[in-house]
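This briefing is meant for a reader who is meeting the structure for the first time. It begins with the charged contacts and then moves on to the fold, the sheet, the hairpin and the surface.

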Amino acid sequence: MNTPDVRFFARYGGCSNVQKGFSLGVNKEEPIDAAVTLEKNGVIFFVEQNDMWYFDGHDLHIEFDEKQNEPVFTYR
């Protein structure tokens, strides 16, 4: 059985409070060189080693907005 994996990565362009000129990318793929992983409800979320610079000491927090029916990403 394949476990769904979700990668967070630095995406060129867009808007972010973390890195100017970059934004958070999200993609469904398997890890190659994961630096950080978290399993939640059978889903593995991860950041690859080569994207760690983007977070620059910030922790990514994800909540689900039931009213908008979409995820909300914040950095702390």
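**Salt bridges and overall picture**

The structure holds 3 salt bridges. The model is a predicted one, and its secondary structure comes to 1 helix and 6 strands. Salt bridges that share partners join R7, E29 and D51 into one network, while E63 forms a salt bridge with R76.

- R7 and E29 form a salt bridge in which the closest N and O atoms are 3.2 Å apart. Because R7 belongs to strand β1 and E29 to the loop between β2 and β3, this pair ties together parts that are 22 residues apart in sequence.
- R7 also meets D51, side chain to side chain, in a salt bridge with an N to O distance of 2.5 Å. D51 lies in the loop between β4 (43–48) and α1 (52–55), and R7 in strand β1, so the pair ties together parts that are 44 residues apart in sequence.

**The salt bridge of E63 and R76**

- The closest N and O atoms of E63 and R76 are 3.3 Å apart. This pair links distant parts of the chain, with E63 in strand β5 and R76 in the segment after β6, 13 residues apart.
- R76 counts as exposed, with a relative accessibility of 52%.

**Overall fold**

- Along the sequence, the elements follow the pattern β-β-β-β-α-β-β. The radius of gyration of the chain is 13 Å, close to the 11 Å that the globule rule gives for 76 residues, so the chain is as compact as a globular protein of that length.
- Taken along the principal axes, the C-alpha atoms fill a box of roughly 40 × 35 × 20 Å.
- Of the 76 residues in the chain, 25% are buried.

**The four-stranded sheet**

- An open sheet of 4 strands is arranged in the order β2-β1-β4-β3, and its pairing is mixed. Strands β2 and β3 (34–40) stand at the edges with a single partner strand each, so one side of each is left without a neighbour in the sheet. From one strand to the next, the twist averages 25 degrees.
- Strands of a sheet pair through backbone hydrogen bonds, in either a parallel or an antiparallel way.
- Strand β1 (residues 5–12) pairs with β2 in the antiparallel sense, over 7 bridges. Within this pairing, R7 stands opposite N27 in β2, and R7 is also the residue that forms a salt bridge with E29.

**The hairpin of β5 and β6**

- Strand β5 (residues 60–65) and strand β6 (residues 70–75) run antiparallel and are joined by 6 bridges. The two strands form a hairpin with 4 residues between them.
- I62 has F73 in β6 as its bridge partner.
- N69, in the turn of this hairpin, has a positive phi of about 55 degrees, although N69 is a residue other than glycine. N69 counts as exposed, with 57% relative accessibility.

**Another residue with positive phi**

- Where does N41 lie? N41 is found in the loop between β3 and β4, and its phi is positive, at about 55 degrees, although N41 is not a glycine.
- N41 is exposed, with a relative accessible area of 74%.

**A nonpolar surface patch**

- V26, I62 and F73 make a nonpolar surface patch of about 240 Å². Two of these residues, I62 and F73, are bridge partners, while V26 lies in strand β2 (residues 22–28).
- V26 counts as partly exposed, at 43% relative accessibility.

Note on methods: Residues are numbered from 1 along each chain as its sequence is written. This is a predicted model: local features need pLDDT of at least 70, side-chain atom pairs count only at pLDDT 80 or more; totals for chains, interfaces and linings use all residues. Side-chain values use heavy atoms; hydrogens and water are left out. Patches are made of residues with over 30% relative accessible area and no salt bridge: like charges are joined within 9 Å, nonpolar side chains (Val, Leu, Ile, Met, Phe, Trp, Tyr) within 5 Å. Accessible areas come from the Shrake-Rupley method with a 1.4 Å probe; for residues, only the protein chains shown count as cover. A salt bridge is a side-chain nitrogen of Lys or Arg within 4 Å of a carboxyl oxygen of Asp or Glu. Buried means under 20% relative accessible area, exposed over 50%, partly exposed in between (1.4 Å probe, protein chains only). Two strands pair if DSSP finds at least two bridges between them. Axes are lines fitted to C-alpha atoms, for helices over the stretch in contact, and angles run from 0 to 180 degrees between N-to-C directions. The radius of gyration is taken over C-alpha atoms; the globule rule is 2.2 Å times the number of residues to the power 0.38.
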